[in-house]
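Please keep the model open while you go through them, and look up each place as it is named.

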Amino acid sequence: MGTFLTFVSKLDLALKYLLIILMALLLIDVSWQVLTRFLLPKPSSFTEELARFLLIWIGLLGASHAYRHRMHLGVDIFVKSMSARKAKVTTQIVQLMTLAFAISVLIYGGSKLVLLAFHLEQRSAAMQVNMGVVYMALPISGVLFAFFAIERLFGHYPGDAEQMISHTSKSKAVKAEVQ
Amino acid sequence: MDLTIAILLVSFVVLLAINTPIAIAIAVATVLTMLATMPADAALTTVAQRIASGLDSFALLAIPFFILSGYLMGQGGIARRLINFAMVLVGRFSGGLALVNVIACALFGSISGSAVAATSAIGGFMIPAMNKEGYDKNFNTAVTVTASTTGMLIPPSNILIIYSLASGGVSIAALFMAGYIPGLLVALSLMIVCGIYAKKHNFPAGLKYSFAEGVHHLVAAIPSLLLIVIVIGGIIGGYFTPTEAGAIAVIYALVLSLGVYREIALKDLPNILLKSVQTTAIVMLLIGASASMSWMLSYEFIPQTFTELVLTLSDNPIMILILINIMLLVVGTFMDMTPAVLIFTPILMPVMAAMDISPLHFGIMMILNLSIGLCTPPVGSVLFVGCSIGKTSIGAVVKPLLPLYAAMFICLLLVTLFPQISETLPRMMGLIE
């Protein structure tokens with residue numbers, strides 16, 4: 001069990017660095033597009049496509065990272081009014097739902113989509129990348145979601161200590177910046 | 001038909017009630033509903049495919065960039081400069097600090113695109129300053145919370161981009177222009193309430209500056225305000241797309257905060273990038289999941305059924321808009337703005353089309369409506385942050401909030417009844433017919 005938890009937190013650390021790099025790449029890519037559009041007679045064509053694909057990867061992988069750090073928006077008013085024991089059971093059910101979503105939609109549905117794209121030789125318009133490579137973000141994000149859900153099912157809550165200090169303010173502040 | 005709606009409603013409501021992340025609740029409820037009419041294999045592949053294709057949009061890329069530029073601009077120095085700027089404008093009137101607070105929140109909300117960021121950046125400075133001048137701290141918190149939401153309507157605004165996507169491509173430029181007058185209307189009506197309140201409680205005027213000081217503060221605020229001019233001017237003038245404007249905003253904010261104001265150092269950048277990824281990913285998963293849900297809804301003809309149902313209630317557009325407003329106010333007290341916009345826009349759009357109500361008018365009305373929800377208990381993200389910044393409790397803030405809610409309600413009513421408030425500016429700019 002201990003090895004699993006260490007593995008998961010190392011995985012999240014690696015994911016964090018990957019996300020920072022992808023976001024920086026996205027910024028460079030679109031800035032380059034703007035620059036070429038104003039300076040060159042023929043603007044670069046692959047940058048728009050690359051940007052869209054980067055966003056899919058950032059969105060899906062980042063979502064699993066945000067899940068581990070409990071940043072996703074939810075309606076917590078009923079759980080807050082429950083007894084500690086009931087709230088715990090309810091929270092476990094939510095982790096099971098997340099695990100079910102990860103396995104069925106992201107891993108199973110996503111893999112079928114990847115295989116289909118490879119089978120049909122579906123390629124992107126500008127970069128001629130196989131769309132299966134792009135869709136691979138789905139199953140990979142699914143595996144990450146599954147690891148993070150299992151981690152929580154076994155009662156390990158990363159960030160619990162800070163949550164206790166400022167129960168509403170901090171987590172709310174992060175969540176609400178979506179607004 | 002009835003079975004699918006029952007499965008959808010029951011599973012979605014139960015999942016939400018147990019605090020499932022809303023995006024996952026949407027996806028799971030969608031899969032469960034689809035299982036009633038199609039094989040599991042097809043349902044799962046379709047949902048996965050819709051999530052990926054829902055994110056595959058160049059227009060959506062504006063969102064991470066505006067989030068990132070918001071984080072870059074969201075440092076103390078810019079808040080301070082905007083406060084000084086507002087002080088020059090309205091500080092000399094009675095209740096001056098409250099008026100300054102409203103203007104600074106509106107400006108900061110517009111630049112950062114986040115009501116929560118505005119509440120913490122401006123409120124963190126203004127609430128203690130107002131407390132010191134003898135203003136009531138609950139009132140100060142209430143003003144900050146409500147004024148911060150005006151940044152949702154005053155462009156650049158991420159929620160307007162999300163609405164553009166959810167509504168099937170209403171022009172972002174037109175939406176940005178449409179948001180100005182309603183946003184300023186809300187800010188103005190909040191300031192009127194502040195003025196009356198200040199008179200009644202004899203709150204003092206703020207700082208009076210000499211002419212030279214005034215000019216100095218105006219000049220100091222120009223680089224921050226220029227961001228709005230570049231972004232909005234560029235989009236409206238057709239020089240660049242909203243996504244490109246977002247990238248330009250990031251570069252501008254980088255130069256400003258790294259080079260000119262020196263508010264952040266290079267070593268802070270990875271952390272700021274990570275925070276932007278987190279905020280972006282939360283929105284993106286919601287968008288992907290909502291894309292799968294709206295595909296399923298139209299596959300099951302649910303928006304059409306809902307439209308027919310609504311039309312049997314009344315055929316008076318004003319009645320319908322009022323009913324929808326009441327429903328959205330209830331939704332807004334429980335749910336944050338982004339998921340509410342993503343879930344309800346595709347369901348309500350056909351009703352609007354049947355009533356001949358423009359999507360521009362409807363979008364602005366919905367976002368103003370849900371802004372009220374951000375400041376109401378039991379679930380109001382901006383209210384929570386405001387109370388923790390103002391060091392007070394939700395119960396204590398509710399009383400001074402009441403007249404401010406009333407002002408927002410009146411604005412909502414005006415925006416609902418008079419589409420001209422939203423449509424005049426985009427029409428003048430030639431962005432709509």
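**Notes on the predicted model**

1. Chain A holds 8 helices and 0 strands, and reading from the N terminus its elements run α-α-α-α-α-α-α-α. Please keep in mind throughout that this is a predicted model.

2. How much of chain A is buried? Of the 179 residues in chain A, 47% are buried, where buried stands for a relative accessible area under 20%. If one takes the contacts in chain A between residues at least 6 apart in sequence, 76% of them join residues at least 24 apart.

3. An unreviewed UniProt entry annotates residues 17-35, 50-68, 89-109 and 129-150 of chain A as "transmembrane region", and such annotations may be inferred rather than shown by experiment. Two of these spans can be compared with the model itself. Residues 50-68 of chain A are 100% helix and 0% strand, with their end C-alpha atoms 27 Å apart. Residues 129-150 of chain A are 86% helix and 0% strand, and here the end C-alpha atoms lie 34 Å apart.

4. In chain B, a pair of helices deserves a careful look: the axes of α15 (residues 317-334) and α16 (residues 337-355) come within 12 Å and cross at roughly 175 degrees. Angles over 145 degrees count as roughly antiparallel, and α15(B) and α16(B) are therefore described as roughly antiparallel to each other.

5. Which residues form the contact between α15(B) and α16(B)? From α15(B) come B:P317, B:I320, B:L321, B:I324, B:M327, B:L328 and B:V331, and they meet B:A340, B:F344, B:L348, B:V351, B:M352 and B:M355 of α16(B). Sorted by type, the residues of this contact are 13 nonpolar, no polar and no charged.

6. Most residues other than glycine have a negative phi, and most peptide bonds are trans. In chain A, A:Q128 is not a glycine and yet has a positive phi of about 60 degrees; A:Q128 sits in the loop between α4 (84-119) and α5 (131-135), and with 44% relative accessibility A:Q128 counts as partly exposed. In chain B, B:D356, also not a glycine, has a positive phi of about 65 degrees. The place of B:D356 is the loop between α16 and α17 of chain B, and its relative accessible area of 73% makes B:D356 exposed.

7. Where are the cis peptide bonds described here? One joins B:P155 and B:P156, with omega at about -5 degrees, and B:P156 belongs to the loop between α8 (137-148) and α9 (158-166) of chain B. Another joins B:P377 and B:P378, with omega at about 5 degrees, and B:P378 belongs to the loop between α17 (359-374) and α18 (381-389) of chain B.

8. Is B:T141 buried or exposed? This residue of helix α8 of chain B counts as buried, at 0% relative accessibility. Leaving aside residues up to four places away in sequence, B:T141 touches B:I127, B:G386, B:C387, B:G390, B:T392 and B:V397.

Notes
Residues are numbered from 1 along each chain as its sequence is written. Chains are lettered from A and ligands numbered from 1 in the order in which they are written. This is a predicted model: local features need pLDDT of at least 70, side-chain atom pairs count only at pLDDT 80 or more; totals for chains, interfaces and linings use all residues. Side-chain values use heavy atoms; hydrogens and water are left out. Helices (H or I, at least four residues) and strands (E, at least two) are DSSP runs, numbered from the N terminus. Buried means under 20% relative accessible area, exposed over 50%, partly exposed in between (1.4 Å probe, protein chains only). Contact means heavy atoms within 4.5 Å. Axes are lines fitted to C-alpha atoms, for helices over the stretch in contact, and angles run from 0 to 180 degrees between N-to-C directions. Angles under 35 degrees count as roughly parallel, over 145 as roughly antiparallel, 65 to 115 as roughly perpendicular and the rest as oblique. Ala, Val, Leu, Ile, Met, Phe, Trp, Tyr, Cys and Pro count as nonpolar, Asp, Glu, Lys and Arg as charged, and the others, Gly among them, as polar.
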